[in-house]
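These notebook entries record what I looked up in one structure. I began with the chain as a whole and then turned to strands, rings and charges.

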Amino acid sequence: MGYSHYFTQTKDFSDDQWSKIRAVANTLLRKADLIDRSTKYDQKLFITKDAIRFNGIGDEGHETFYLKKKLQPTEWESAGNCFEKGEEYQFCKTAYKDYDKYVVAMLCMINYLAPDVCRIDSDGDRDEWKNGLRLARNNLCALDVVVPKGV
């Protein structure tokens, strides 16, 4: 399955933006029973002052979601690039596995808290984003981030 989410970082997150994103990531991911905490490999849950990384557990994991505070421009080029020189292109193929809703929730929260930092795209449609949107909204509300009705 080729179901993926794409995010192109165009600049560094500000300290304030990153602080809020880390807070919602902690709230969202630390209690999630579908997120890998036990592995010794690179997909283990990791939330620091510099990066956020996570994956599903075992066969329910696929590709690792990885976001950095500081932009590290993508150095490779290929036909049909969806990024410009000086931007960082990232993607996370979840293959419709259960941890997908956490990837979607993170992307929604990033877009809400730092709309000027990443361009976000997905192979998914509105229906496939419902669970992630619900998680994002609930976690933003839990942190007293004002979320307008209908978001």
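Predicted model: local features only at pLDDT ≥ 70, side-chain atom pairs only at ≥ 80, totals over all residues.

**Entry 1. Contacts and overall layout.** Among contacts in the protein chain with a separation of 6 or more, 68% come from residues 24 or more positions apart. I then listed the secondary structure and found three helices and six strands. Read from the N terminus, the order of elements is β-α-β-β-β-β-α-β-α. The chain has 151 residues, of which 43% count as buried.

**Entry 2. Strand β1 and its partners.** I asked which strands pair with β1. Strand β1 is joined to β5 by six bridges, and the two run antiparallel. Five bridges join β1 to β6 (residues 118-122), again in the antiparallel sense. For F7 I noted the residues opposite: Q90 in β5 and I120 in β6. Five of the six residues of β1 are buried, so the strand is largely enclosed by the rest of the structure.

**Entry 3. The open sheet.** I next looked up the sheet that contains β2. Three strands make up this open sheet, in the order β2-β3-β4, with antiparallel pairing. Its edge strands are β2 (46-47) and β4, each of which pairs on one side only. Between β2 and β3 (residues 51-54) I found two bridges, in the antiparallel sense. Across this pairing, F46 stands opposite R53 in β3. The side chains of these two residues also meet: the charged end of R53 sits over the ring of F46, 4.3 Å from the ring centre.

**Entry 4. Aromatic pairs.** How many aromatic pairs does a search of the whole structure find? I recorded six. One of them joins Y3 and Y96, which are stacked at 4.1 Å centre to centre with 15° between the planes. Y3 lies in the segment before β1 (4-9) and Y96 in the loop between β5 (88-93) and α2, so this pair ties together parts that are 93 residues apart in sequence.

Because F7 belongs to strand β1 and F65 to strand β4 (residues 65-68), the pair ties together parts 58 residues apart in sequence. Both F7 and F65 are buried. I also noted a cluster in which ring pairs link Y6, Y89 and F91.

**Entry 5. The charge at D100.** I finished with D100, which lies in helix α2 (residues 100-113). Where is the nearest side chain of opposite charge? I found that it belongs to K101, 9.5 Å away. A salt bridge requires a nitrogen of Lys or Arg within 4 Å of a carboxyl oxygen. D100 is buried yet has no salt bridge. I then looked up what does touch D100. With neighbours within four places in sequence left aside, D100 is in contact with Y3, H5, T94 and E128.

How values were computed. Residues numbered from 1 in each chain as written. Heavy atoms only, no water. Helix = DSSP H or I, 4+ residues; strand = E, 2+ residues; numbered from the N terminus. Buried < 20%, exposed > 50% of the residue type's maximum accessible area, 1.4 Å probe, protein only. Lys, Arg positive; Asp, Glu negative; His and termini not counted. Contact = heavy atoms within 4.5 Å. Phe/Tyr/Trp six-rings, centres within 6.5 Å; stacked < 30°, edge-to-face > 60°. Lys NZ or Arg CZ within 6 Å of the ring centre and 35° of its normal. Pairing = 2+ DSSP bridges.
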